[in-house]
Amino acid sequence: MEILKLRLADDDHSELPLGVGVHAVGPLEGRGGRLGLVDDGQAARVRFCVDRRGVWLTVAEGARGVHVNGREVQRMAMLRVGDAVYVDGVEMRVVGSEPPELPGAALHEAASDTTGDPRVVLRGVGGQYHGRSFTLEHPRLVGRSTEADIRIDDPTFADRHARLDLVGDRIVLRDLGSAEGTLVNGEPMRDALLRPGDQVVFDAHHRFVVEAPMRGRGARDQVQEHHADAAANEDQVQSAQPASPWRLPWLLLAALVIAGLLALLLLFGSG
């Protein structure tokens, strides 16, 4: 599982590691109410529970004003990389151990794939385009311009903010001269190579998730991991229930007895 971090958007801009386990976050004693990792007690406002399935946010009893991506959470929420969590007015972002990959000069300047792929989708999960999807059958322009495919009507937003398109089988985000760039998995980026599952945020709250068929090594790794998990589970079942050398003979004997009883029933019943 990827090592995650919790980046606090406060004066310290500190980062808290999120390894497997439970991480309680609350006001630090003697730090003027600043948030950080605390003992899992009354001081905790929220807890981040990390396991192989992902990251879960749980809200402490009595805590109020906890939001994920602008929506209030009262009890529990599942998080993905790039989500913004607000606790006591402080923004925290779940980020990966490494920033997103850059496309490099060759990909950045390469012509986009004219045919595109309708299976590659940018799905809205927050903001104005929540619930809508944009396929990458052709390049998609993001901006304030009326020509933009994903139009964000904000006076401070650039007319031509960014473009998303396919170069071969690579999903490329290209900045077109915006002032603030784009958040990719919680990291401010201008250009980036996107992968399935990546979260892209324009203008702070217009959130999208990249959905596409798994390609290349990532897909093979996922299949291998699935097979490894299945083999491990099979080994656990076999170790928990050791095979007995008498199991098969007893089953045969039981089958023979049942067959004999059925034969007698038919013989005497017909008489």
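Val257 is partly exposed because its relative accessible area is 45%, where buried means under 20%, exposed over 50% and partly exposed in between (1.4 Å probe, protein chains only). The model is predicted: local features need pLDDT of at least 70, side-chain atom pairs count only at pLDDT 80 or more, and totals for chains, interfaces and linings use all residues. Residues are numbered from 1 along each chain as its sequence is written, and side-chain values use heavy atoms, with hydrogens and water left out.

Val257 lies in helix α3 (residues 247-270). Helices (H or I, at least four residues) and strands (E, at least two) are DSSP runs, numbered from the N terminus. Together with Leu253, Leu261, Leu264, Leu267 and Phe268, Val257 makes a nonpolar surface patch of about 630 Å². Such a patch consists of residues with over 30% relative accessible area and no salt bridge, with nonpolar side chains (Val, Leu, Ile, Met, Phe, Trp, Tyr) joined within 5 Å. A salt bridge is a side-chain nitrogen of Lys or Arg within 4 Å of a carboxyl oxygen of Asp or Glu.

The next topic is the aromatic rings. The whole structure holds four aromatic pairs. Rings of Phe, Tyr and Trp (its six-membered ring) pair if their centres lie within 6.5 Å; planes under 30 degrees apart count as stacked, over 60 as edge-to-face and the rest as tilted.

| Pair | Centre to centre | Angle between planes | Type |
|---|---|---|---|
| Tyr129 and Phe134 | 5.5 Å | 75° | edge-to-face |
| Tyr129 and Phe208 | 6.2 Å | 35° | tilted |

Tyr129 is buried, with a relative accessible area of 7%; Phe134 is buried at 5%, and Phe208 is buried at 0%. Tyr129, Phe134 and Phe208 form one aromatic cluster with Phe202.

Elsewhere, six strands form an open sheet with antiparallel pairing, in the order β2-β1-β11-β10-β7-β8. Strands β2 (15-18) and β8 (71-72) stand at the edges with a single partner strand each, so one side of each has no neighbour in the sheet. Two strands pair if DSSP finds at least two bridges between them. Strand β10 (residues 84-87) and strand β11 (residues 90-96) run antiparallel and are joined by four bridges. Val87 stands opposite Val90 in β11.

Methods: Patches are made of residues with over 30% relative accessible area and no salt bridge: like charges are joined within 9 Å, nonpolar side chains (Val, Leu, Ile, Met, Phe, Trp, Tyr) within 5 Å. Accessible areas come from the Shrake-Rupley method with a 1.4 Å probe; for residues, only the protein chains shown count as cover.
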